[in-house]
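Below are my notes on the model.

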Amino acid sequence: MLAFILRRLGTMALTMLCLTMVVFFMINLEPNLRKLSISQLDMRSSDEHIESWLVKNGYRQNFFVRYGQWLGVWPKYPNIDPATGAATSRFTYCNEPAETRFSGVLQGDFGCSTKFKTTVAAKLFPALGATGILMFWVMVTMVPISLLIGILAGMREGTRTDRSLSVAAIATTATPEYVSGVIFTVIFASWLGWLNGSAASATGQGITFYNFTLPVMTMAIYGTGYIARMTRASMVEVMTQQYIRTARLKGLSFGSVVIKHALRNALIAPFTVIMLQFPWLLTGVVIVEVMFRYQGFGFTLVEAAGNNDIDLLLGCSLVSVFVVLFTQLISDVGYAYLNPRIRVQ
Amino acid sequence: MEHIGGFQIFLGVLARFWPVWLALAIVMGASFVYKKKLGLYGQLFDSGVGIVGVGICFFWLFTAMFAGTIAPFNPLAQIPIMKDAMPGAIDAASGQVYLFGGDKLARDVFSRMVYGSQIVLIIAPAATAFALMVGITLGLPAGYYGGRIDSVLSFLANLVLAFPVILLFYLLVTPGIMETPIPYGMAGLFFLFPIIFFSALFYTRFKNRPDRVYIQIGLTLLIGGWIYAGLVFNADPLGIVSIKPNQLNIFVAVVFASSPGVFRIVRGLVMDIKTRDYVAAAQTRGESPWYIMLWEILPNARGPLIVDACLRIGYTTILLGTLGYFGLGLAPESPDWGTAIKDASRLLRSFIHPALPPTIALMSFVLGLNLLADALREQSMKD
């Protein structure tokens with residue numbers, strides 16, 4: 001088991017290295033660098049002015065040197081102003097020490113956000129906290145509801161309950177967040193007036209039922225159908241097993257067979273599926289936070305990408321790639337742990 | 001401004017869709033009568049879910065085909081007096097009705113919804129087809145040979161799958177990236193796969209019959225090369241095949257995001273099927289590996305692949321909507337559903353009518369595809 005986890009961790013580290021390198025390359029493409037330097041100088045700067053700014057701030061070093069500096073395995077040098085000889089920061093709003101140092105992601109230095117005029121860490125981590133709260137409520141509503149629907153549908157295959165719940169589950173998977181968000185806002189905010197169509201106040205004044213229900217509902221509904229269908233499939237399979245028949249023939253009631261014998265075995269597959277939902281949830285987070293103006297991780301990512309904020313976008317990419325890979329790891333390890341047939345091998 | 005009532009709007013919409021109803025009646029009626037002779041497609045008409053799924057898919061297909069007849073207005077035309085008009089408002093100049101009202105730029109919401117179906121129904125199935133080609137061509141050897149080739153390809157597929165889709169789009173579909181050769185390089189790579197696939201398909205089957213193999217491979221290379229030149233280099237000598245740079249960018253991004261999923265499914269199916277007796281028989285006969293993969297394994301994997309293709313077209317539609325919703329790649333005035341939802345959702349507090357038609361259209365199309373996939377899965381399990 002330990003060797004298995006270590007091997008998975010190694011693959012994860014390698015994947016992260018490759019992915020961050022690709023992301024680093026894509027974000028630091030020539031058009032983006034030019035846009036950055038123009039935004040830092042002024043609109044009418046000449047080409048050589050732009051070029052000298054890029055050289056001065058270290059954007060023209062070798063790609064691998066720059067990647068190493070961002071990662072923190074290659075020293076960063078201070079920008080010495082040739083006229084005065086004094087060291088200056090890249091951007092006026094972030095202080096960068098005037099000595100040569102190792103300072104990258106590994107040391108906790110994510111760089112400087114040009115859009116929010118602060119360090120990336122100061123912007124990114126509060127945003128992640130806000131998204132964490134959203135994710136928590138989504139999980140709390142989505143997982144029990146979808147498991148319940150899946151179990152009810154899969155417990156007796158082919159009945160009317162099964163058919164109608166399955167069609168309902170299919171319908172929710174056909175409704176992406178930007179569709180259900182609009183429909184829910186129309187119904188609950190514009191028409192009935194029960195809920196607030198914007199979660200902007202949640203950041204400042206705290207979360208209330210009034211401003212937070214719509215985002216949570218919108219995000220939960222897309223995943224619900226998918227998890228419910230997986231649970232149903234796994235439940236249907238378990239219910240045809242010999243040991244269920246034996247338990248029934250022993251004279252146990254249907255309810256107790258479902259709860260004591262079937263449920264535990266049927267929930268192994270949905271566990272993996274729920275973990276693998278995180279990449280999808282990340283997309284959902286971005287859509288929902290933009291739609292309801294909630295200042296979380298997704299909102300930050302869109303702001304960073306839309307405003308060519310290179311360091312912040314790199315930080316966001318690192319976080320999202322890490323979340324995806326880490327949940328995959330948990331899903332693999334957890335599956336092996338929960339399923340004795342795999343664990344023994 | 002004159003308005004017509006709710007019931008008249010309903011009748012008006014039904015009447016505008018007349019070519020669709022006609023075509024639906026003919027196709028569905030004919031399919032229902034001859035369902036015994038139509039194989040898997042005919043079996044769909046045995047279940048209610050299947051009929052509904054097929055009906056919805058055909059509805060949007062015919063809407064896209066007859067968009068010019070159905071839509072009363074040009075999707076980009078602005079009639080200033082109709083700005084934010086309520087549903088059923090009558091345009092005094094032409095006497096036509098804005099059935100679903102006007103949007104904030106005074107365009108007809110109904111016409112935009114109808115024309116939006118064209119964009120979705122061209123890009124989504126085409127991108128899915130390319131993703132299938134890429135996934136199958138790489139998934140077959142990965143599953144069949146296993147070993148190192150499998151490790152490398154699976155690692156690459158997992159790399160792409162570990163990207164959150166939205167981040168991928170923000171990196172791949174930007175105006176800046178159009179100045180670099182990256183989208184063209186990726187297009188050049190992806191569009192090679194169909195040519196490789198069909199050449200290998202014909203070569204392995206007919207390599208002992210030169211008279212046929214030369215013609216088939218020649219035709220594949222000719223047609224494939226022609227489309228390839230038109231799509232990747234925008235250099236079609238006849239000027240028929242062409243694609244706008246921003247559409248190429250979207251297309252490439254969607255294929256890139258969706259082919260690793262196909263790869264994983266094909267790989268899993270091949271690993272399962274290669275243990276069967278008929279594969280062992282073919283190996284004993286001394287058939288080449290690619291013949292076994294393409295002519296023994298692939299036809300037997302078609303059931304799950306067709307189901308997956310249906311689901312994947314729906315998923316691609318959702319991805320296209322996401323692109324539109326974030327204003328990536330598609331032109332700002334484009335009538336596609338995602339862009340329309342983005343524009344309308346910002347003004348929900350004042351007007352709700354421009355938001356509903358595109359959302360319901362997108363939802364119903366994806367729902368139709370999912371129902372179709374579900375019915376197909378049920379039918380293929382019965383065999």
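**Notes on chain B**

1. In the contact between the two chains, 33 residues of chain B meet 36 residues of chain A; two residues count as in contact if their C-beta atoms, placed from the backbone, lie within 7 Å. This is a predicted model, in which local features need pLDDT of at least 70, side-chain atom pairs count only at pLDDT 80 or more, and totals for chains, interfaces and linings use all residues. Residues are numbered from 1 along each chain as its sequence is written, while chains are lettered from A and ligands numbered from 1 in the order in which they are written.

2. On the side of chain B that touches chain A, at least two residues each come from helices H7 (147-161), H8 (165-172), H15 (302-325), H16 (337-345) and H17 (356-382) of chain B. Helices (H or I, at least four residues) and strands (E, at least two) are DSSP runs, numbered from the N terminus. H17(B) supplies the largest share of this side, nine residues.

3. By class, this side of chain B has 22 nonpolar, eight polar and three charged residues. Ala, Val, Leu, Ile, Met, Phe, Trp, Tyr, Cys and Pro count as nonpolar, Asp, Glu, Lys and Arg as charged, and the others, Gly among them, as polar.

4. Chain B is divided into domain 1 (6-116 + 349-382) and domain 2 (118-314), with bounds from an automatic or database domain assignment. Their C-alpha centres lie 31 Å apart. The contact takes 15 residues from domain 1 of chain B and eleven residues from domain 2 of chain B.

5. H17(B) gives the most to the side of domain 1 of chain B that touches domain 2 of chain B, with nine residues.
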